[in-house]
Amino acid sequence: MSSESTTIRWEQDDTGVVTLVLDDPNQSANTVNKAFRDSFAAITDRLEAEKDSLRGVILTSAKKTFFAGGDLRDLIRVTPDTAQDLFDGGLAFKRQLRRLETLGKPVVAAINGAALGGGYEIALACHHRIALDAPGSKIGCPEVTLGLLPGGGGVVRTVRMLGITDALLKVLLQGTQYNPRRALENGLVDEVAETREEMLAKARAFIDAHPESAQPWDRPGYRMPGGTPSHPKFAANLPAFPASLRKQTGGAPYPAPRNIMAAAVEGAQVDFDTAQVIEARYFVELASGQTSKNMIQAFFFDLQAVNSGAGRPKDVPARKVTKVAVLGAGMMGAGIAYSCARAGIDVVLKDVTLESALKGKGYSEQLCAKAVSKGRTTQEKADALLARITPTAEVSDLAGCDAVIEAVFEDTSLKHKVFQEVQNVVAPDALLCSNTSTLPITALAEGVERQEDFIGLHFFSPVDKMPLVEIIKGERTGEEALARAFDLVRQINKTPIVVNDSRGFFTSRVIGHFINEGVAMVGEGVEPASVEQAAAQAGYPAKVLSLMDELTLTLPRKIRRETQRAVEEAGGTWTPHPAEAVVDRMVDEFGRTGRSGGAGFYDYDENGRRGPLWPGLREHFTQAGHTIPFRDMQERMLFSEALDTVRLLEEGVLTSVADANIGSILGIGFPGWTGGVLQYINGYEGGLPGFVARARELAERYGERFTPPALLVEKAEKGEVFTDAR
Ligand code: NAI
């Protein structure tokens, strides 16, 4: 091996083609670390020195992925003080890539696995991109989903390669991760190969056919596809961008899409090198800001911790479920059956009548037909999925099931009854799960013989789309059951968070605070439309009053009454929330129970389609001219959820910060820019002390419920943050 490199191997054949093999000896994936930068600089020097004897270069990797991009551990630590180093380092790296693309010899990226972010940016600096159609291989620039932009020339090059509109809409603003075929359709790569040999043969063929490659933008007479911003056609499209930006962010504080758009539009009007500097400035601004740190923490580190089993007992061997009994083929049961069958598990879907069970299976039939018509799956795969679901009304058909997921009506005695029926029919050690959304697991477990095998598995609606499952440990749930439930959730490709039993668990309890706060503001006389706007601009995916209508106004009332009874029976005092009086009036005085009842905070047409906000709200609740600061409105919603999450930590219902952050974003729509419900506190202006001070201010203005819990105050005083790191 030559002296120039430890992470990039130089393999030269006797025809003058050099294959550069990315192969970091110290990591399972190649990343942009110091060793890589040094190697890359040395390799570029050598390429330039020896170029007269070379015919071309193939860039590929010896790892499973092509290249993993920048190291997020470094990026999350960048502060405004170290921003200049990031800027300088970024430009230096861009210069290396520029030297590669202006070598005067053809350079081909042989993308043998995932090339996301920095990995794809390296491929962009090559003259030709060939992707291996390997399973799980993804290509694209997902930086926006971490609050960043592609800062290795990705904005500058995609804009010049695809034109500004396609670059923004297909690559940069959504961060779509394409499989190799879709990457080809959308112009991100030039060819796809089925095998590694075919990929390398195609790379050589390109080199043979293009002895003097240059990028389109370095050739004389280059014109940007779709026209530059000064072109009349482009100018005609320009007004659509702010609208699409608003659609993407809902007006919430996501700086990345704005910076991406600015880097693209400004960069398109100047020469390549100036565009790279512009891109670097916008990148560094994002990387040194708080939002990218929040999003990297949640969507990278927390998500990885949660999915890799931080909450799973370590010493229980992994086990796969082969046949699951789903009890109740209603909305949730039907979705659970589909998700299990899609993951290759045999499903026996039981309801009271065969007709209901068949109807439940019909949901999977609909989803499969849609997936086939959209080209997301083949007819053969869809048929195989459907063949795995057996609808039935007979308990005896559940014989041999190694897991049970119950999703019958929300009624303790009914749930006890169905478990009694099945517990001696299914496998003797079958895992017993309930999908209850509110009933305490410990009490439900009392209805079965093997309480240690009983656990809560709380799915979210619609099950096929929602990525989260909340696992609830009852008092007598065993470690083995917890591990098996965790493995089952991973087996069906969902993200499991683990909590201890409590009324409403984590998610149902915390989302209730968000809704209550919105409803309370209506009761105070605030214009309902501004309440909705405040929720949207805070970054919530669903507006608060419309969400209340979806859940129905009667459901929280029922839960509240049960909770009140439980609190009072335990000798506590019930503190009513100001939202309760509004809900009571809506239901009792105006008969408006929500969308399923045809009328709620909104009007609905006969097909259940949402119309305008009910004009009666203004008449009966709104006080003309009564306003409260918009920031207060948003923070009342965000704080109410964050503060109760801290109480759940104090109560031991939650035991992991990562679970709280991920559960809040993926399960109950807490805004992603915050990094989740506890990261929101960590990242608040002034840190924990700033958050405590602001909570006290809200408590003074709007009620005791905003008083910061002791755990929060204590952590603020000690200068700590919420973290799982020990
Ligand atoms: P649903 O009313 O759509 O379906 C319940 C089904 O259970 C019906 O098809 C009914 O015929 C069936 N069933 C009743 N008795 C049965 C028995 N003895 N054996 C077999 N099947 C029987 O209800 P949904 O919305 O699917 O909810 C089911 C459970 O999931 C409830 O515990 C609910 O709290 C919980 N859940 C609901 C969520 C939602 O968004 N709807 C979210 C998370 C949990």
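Visitor: Where is threonine 552 found, and why is it called partly exposed?
Guide: Threonine 552 is found in the loop between α22 (544-551) and α23 (554-569). Helices (H or I, at least four residues) and strands (E, at least two) here are DSSP runs, numbered from the N terminus. As for exposure, a residue counts as buried if 20 or more other C-beta atoms lie within 10 Å of its own, exposed if 12 or fewer, and partly exposed in between, with C-beta atoms placed from the backbone. Threonine 552 has 17 C-beta neighbours inside 10 Å, so it lands in the partly exposed class. Its phi is near 75 degrees, a positive value in a residue other than glycine. One caution: this is a predicted model, so local features need pLDDT of at least 70 and side-chain atom pairs count only at pLDDT 80 or more, while totals for chains, interfaces and linings use all residues. Residue numbers run from 1 along each chain as its sequence is written.

Visitor: Phenylalanine 505 also has a positive phi; what makes it buried or exposed?
Guide: Phenylalanine 505 has 27 other C-beta atoms within 10 Å, so it is buried. Its phi is near 50 degrees, and its place is in the loop between β16 (495-500) and α20.

Visitor: What makes α20 and α24 roughly perpendicular?
Guide: Helix α20 (residues 507-524) and helix α24 (residues 578-589) pack at about 70 degrees, with their axes 8 Å apart. The axes are lines fitted to C-alpha atoms, for helices over the stretch in contact, and angles run from 0 to 180 degrees between N-to-C directions. Under 35 degrees is roughly parallel, over 145 roughly antiparallel, 65 to 115 roughly perpendicular, and the rest oblique. That is why α20 and α24 are called roughly perpendicular to each other.

Visitor: How do you know which residues meet between α20 and α24?
Guide: Two residues are in contact if their C-beta atoms, placed from the backbone, lie within 7 Å. On the α20 side that gives Asn516, Val519, Ala520, Val522 and Gly523, which meet Pro578, Ala579, Ala581, Val582 and Val583 in α24. The residues of this contact divide into eight nonpolar, two polar and no charged. Ala, Val, Leu, Ile, Met, Phe, Trp, Tyr, Cys and Pro count as nonpolar, Asp, Glu, Lys and Arg as charged, and the others, Gly among them, as polar.

Visitor: How do you know whether the length of α26 agrees with what a helix should span?
Guide: The expected span is 1.5 Å times one less than the number of residues. For the 21 residues of α26 (residues 630-650) this comes to 30 Å, and the end C-alpha atoms are 30 Å apart, so the two agree.

Visitor: Which residues of α19 are buried, and what do they pack against?
Guide: In α19 (residues 479-491), the buried ones are Ala481, Leu482, Ala483, Arg484, Ala485, Phe486, Leu488 and Val489. They pack against β12 (403-406), β13 (431-434), β14, β15 and β16.

Visitor: Last one: why is glycine 117 called buried?
Guide: It has 27 other C-beta atoms within 10 Å, so glycine 117 is buried. Its place is in the loop between β5 (115-116) and α4 (118-124).
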